[in-house]
Amino acid sequence: MSEVVYLKLEQSTQVRGKTVSLGQLGTLWCRDKRLEEQCRAIQVMKIPSDRRERYVVSVMDLIRKIEQVCKEAEVSNVGETDCIIEYRPLKKLHPVWDWIKAAFVCMVSFFGSAFAIMTFNNDGDVSRLFQSIYTQVMGTAPSGPTILELTYSIGLPLGILVFFNHFSKMALSKDPTPIEVQMRTYETDVNTTLIKEAGREEKDGP
């Protein structure tokens, strides 16, 4: 009598070692724990390259491997139909170089954001708008910086921090930040493109 092995693949999995087993690609469950562990240990592939690379694996290939090794297994896939294996080799730590890269990213982000804000203020003529509002409310033209510029300068960075909901280890809620959402959306789009391209290459191949 065959045992049902439930397989739930993740869309993308990062590995450090060159030997990739089925248990690394998702979740397996079976009533027969001996069979479950046997399926987990099945070698899916051996990374041929020493550099960072992505590989697409179809669930059909995994089912064939399971049935070849475990004749009594009946596979039921409840997850993704294709899985991306992202190989990231272990690298030596270079703390100085990491700090340099972090400092460079911070500088680009700071000066890029400052330039974007100044360009927006210039295009919208915010200073002239503040002068007009001050004149209409107070009845006299301002002779220098006013309370409007002060509150705008304070409110702008505070609004950015509240919007991105992340400053150091503090956060207003456990919801993902807009950057995290965009990064996940970008990652999902990349994975979908890789899977479709891999399927197209298989159809165009011999």
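**Salt bridges and a pocket**

Q: Is R40 buried, exposed or in between, and what is its relative accessibility?
A: R40 is partly exposed, at 25% relative accessibility. Keep in mind that this is a predicted model.

Q: Which side chain does R40 meet in a salt bridge?
A: E37, with N to O at 3.6 Å. Both sit in helix α1 (residues 33-40), 3 residues apart, about one turn of the helix. E37 is partly exposed too, at 49%.

Q: Which residues are linked with them in a network?
A: Salt bridges link K33, E36, E37 and R40 in a network.

Q: How many salt bridges does the structure hold?
A: There are 13. One of them joins E86 and R54, with the closest N and O atoms 4.0 Å apart. E86 is in strand β8 (residues 82-87) and R54 in strand β6 (residues 53-58), so the pair ties together parts 32 residues apart in sequence.

Q: Is E86 buried or exposed?
A: Buried, with a relative accessible area of 5%. R54 is partly exposed, at 39%.

Q: New topic. How much space lies in the second largest pocket?
A: About 170 Å³. Its lining includes R54, E86, R88 and Y186.

Q: Which element gives the most to that lining?
A: α6, with 6 residues. By class, the lining has 3 nonpolar, 3 polar and 6 charged residues.

Q: And where is Y134?
A: In helix α4 (residues 126-138). Y134 is partly exposed, at 22% relative accessibility. Leaving out residues up to four places away in sequence, Y134 touches G139, T140, A141, P142, T146 and L148.

Key: Residues numbered from 1 in each chain as written. Predicted model: local features only at pLDDT ≥ 70, side-chain atom pairs only at ≥ 80, totals over all residues. Heavy atoms only, no water. Helix = DSSP H or I, 4+ residues; strand = E, 2+ residues; numbered from the N terminus. Buried < 20%, exposed > 50% of the residue type's maximum accessible area, 1.4 Å probe, protein only. Contact = heavy atoms within 4.5 Å. 1 Å grid on protein atoms, 1.4 Å probe; cavity = no way out; pocket = protein on both sides within 12 Å on 5 of 7 lines; lining within 4 Å. Points joined across faces, edges and corners; volume = space filled by probe spheres on them. Nonpolar A, V, L, I, M, F, W, Y, C, P; charged D, E, K, R; others polar.
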